Amino acid sequence: MYFPDKEVSFIGEYITEAYDRWKMFFDGAANFKGVGIGAVLVSEIGQNYPVSVKLRFPCTNNMEKYEACIMGLNLSIDMNIQELQIIGDSDLLEHQVQGQWATKNTKILPYLHHVQELMKKFTKIEFKLVPSIQNEFADALSTLASMIQHPTKNFINPVSVRIHNQSVYYAHVEEETDGKPWFNDIKEDLEKGEYPEQANHTQKRTLGRLSNHFF
């Protein structure tokens, strides 16, 4: 049974916790700036290997999905991965590749045959259909690739994704010019209820709020 809204009707465990081998997420995106595809390989220990490509030729939505899937499969083969779970939100591609749905579309048939040939290079391979909400990383990569204006002679460095656990100004303290420690004004406020002589009304209120976090 198929429902018009896969995200609402989906019930089940989160996919990243349900398979202990290599996983491959894929997706495609199209907008007024172009077409992009993205794929992410996730190892057994959770290491992510993302890749995205901008397509410079006309293609349908289903062609985008196949392009992204093939890109991920080729990357998996290059990394000598033997067992792979392919994860995407295209029920059409999944059922066609597994032989459950037939197609006579001349644009799709070459893609279908190519995917089936690539699948023979794995000892074990399976497909998993998920709602779009569980395919966010690949979707973000494909959208990024589609939006980038990439001149032929220019090169775009790899995108670095970092995790910051604190704000950029965390623990930033300016050097005190009077030779006293950075917490001197807070200490004076707590002990004596006194503010620096040159402090204005706003600075006094700020100092009062800061003092509430110290003892």
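**Entry 1: overall layout**

I began with the order of elements, which from the N terminus reads α-β-β-β-α-β-α-α-β-α-α-α. I noted that this is a predicted model. My tally of elements for the protein is 7 helices and 5 strands.

Next I looked up burial. The protein has 215 residues, and 33% of them count as buried.

Among contacts with a separation of 6 or more, 68% are between residues 24 or more positions apart.

I picked strand S4, residues 83-88. How many of its 6 residues are buried? I found 5, so I wrote S4 down as mostly covered.

I went through the pairing of S4 next. Strand S1, residues 22-31, pairs with S4 in the parallel sense, and I counted 4 bridges there.

Then I turned to strand S5, residues 124-129. S4 and S5 also run parallel, joined by 6 bridges. Here I noted glutamate 83, which stands opposite lysine 124 in S5.

**Entry 2: a nonpolar patch on the surface**

I moved on to the surface. Which residues form the nonpolar patch? I listed Trp182, Phe183, Leu190, Leu210 and Phe214. Together they have about 470 Å² of accessible area.

Tryptophan 182 has 46% relative accessibility, so I logged it as partly exposed. Phenylalanine 183 is at 36% and also counts as partly exposed. Leucine 210 comes out at 40%, which again means partly exposed. I placed leucine 210 in helix H7, residues 201-211.

**Entry 3: aromatic rings**

I searched the whole structure for aromatic pairs and got 4. Why is the pair of tryptophan 182 and phenylalanine 183 edge-to-face? Their ring centres lie 5.6 Å apart and their planes stand at 90°. Planes over 60 degrees apart count as edge-to-face, so the label follows.

I then followed the ring pairs further. They link Trp182, Phe183 and Phe214 into a cluster. I went back to my patch list and found Trp182, Phe183 and Phe214 on it, alongside Leu190 and Leu210.

Key. Residues are numbered from 1 along each chain as its sequence is written. This is a predicted model: local features need pLDDT of at least 70, side-chain atom pairs count only at pLDDT 80 or more; totals for chains, interfaces and linings use all residues. Side-chain values use heavy atoms; hydrogens and water are left out. Patches are made of residues with over 30% relative accessible area and no salt bridge: like charges are joined within 9 Å, nonpolar side chains (Val, Leu, Ile, Met, Phe, Trp, Tyr) within 5 Å. Accessible areas come from the Shrake-Rupley method with a 1.4 Å probe; for residues, only the protein chains shown count as cover. A salt bridge is a side-chain nitrogen of Lys or Arg within 4 Å of a carboxyl oxygen of Asp or Glu. Helices (H or I, at least four residues) and strands (E, at least two) are DSSP runs, numbered from the N terminus. Buried means under 20% relative accessible area, exposed over 50%, partly exposed in between (1.4 Å probe, protein chains only). Two strands pair if DSSP finds at least two bridges between them. Contact means heavy atoms within 4.5 Å. Rings of Phe, Tyr and Trp (its six-membered ring) pair if their centres lie within 6.5 Å; planes under 30 degrees apart count as stacked, over 60 as edge-to-face and the rest as tilted.
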